[in-house]
Amino acid sequence: MWKLGTLPPALIAFKGHVHPIDPSWHMLGLGYQNNTNVENVKKAAVIHYNGQSKPWLEIGFEHLRPFWTKYVNNTNDFIRNCHILE
């Protein structure tokens, strides 16, 4: 059950108190769906790079990376030393 993270136990704990919201409020799949519609990402309130293809990794999807990199503070010494993809 823990392989998928904390979501399954949370859904069990909050059963009956969870309500669906419009997908534009929380867009999932940016870390595993290469065919994600960029226009939908632009409209989303929160985007979630769930999955293995994180935007800071070489395996991240290039067309989705700018949604993350625009918030990276490249002037920070720690960030520069991490050698994160730009």
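1. Let's begin with Lys42, which is exposed, at a relative accessible area of 53%. Here buried means under 20% relative accessible area, exposed means over 50%, and partly exposed lies in between (1.4 Å probe, protein chains only). Before you read on, please note that this is a predicted model, in which local features need pLDDT of at least 70 and side-chain atom pairs count only at pLDDT 80 or more, while totals for chains, interfaces and linings use all residues. Residues are numbered from 1 along each chain as its sequence is written, and side-chain values use heavy atoms, with hydrogens and water left out.

2. Which residue does Lys42 meet in a salt bridge? The partner is Glu39, with 3.3 Å from N to O. A salt bridge here is a side-chain nitrogen of Lys or Arg within 4 Å of a carboxyl oxygen of Asp or Glu. Glu39 is partly exposed, at 44%. Helices (H or I, at least four residues) and strands (E, at least two) are DSSP runs, numbered from the N terminus.

3. The whole structure holds two salt bridges. Asp77 and Arg80 form one of them, their closest N and O atoms lying 2.3 Å apart. This pair sits in helix α4 (residues 77-82), three residues apart, about one turn of the helix. Asp77 is partly exposed at 48%, and Arg80 is partly exposed at 44%.

4. Now for the nonpolar core, meaning a set of buried Ala, Val, Leu, Ile, Met, Phe, Trp, Tyr and Cys residues joined through side-chain atoms within 4.5 Å. The largest one has ten residues, among them Met27, Phe61, Leu64 and Trp68. Leaving aside residues up to four places away in sequence, Leu64 touches Leu30, Gln33, Thr36, Val41 and Tyr49 (contact means heavy atoms within 4.5 Å).

5. Is Glu62 buried or exposed? Glu62 counts as exposed, at 64% relative accessibility. Look for Glu62 in the loop between β2 (46-47) and α3 (66-69). Glu62 and Asn37 are 25 residues apart in sequence and 13 Å apart in space, C-alpha to C-alpha.

6. Finally, a pocket is an open set of points on a 1 Å grid where a 1.4 Å probe fits, with protein on both sides within 12 Å along at least five of seven lines; lining residues have an atom within 4 Å of a point. The lining of the largest pocket includes Leu7, Val18, His26 and Asn50, and its residues divide into six nonpolar, four polar and no charged.

Conventions: Nonpolar A, V, L, I, M, F, W, Y, C, P; charged D, E, K, R; others polar.
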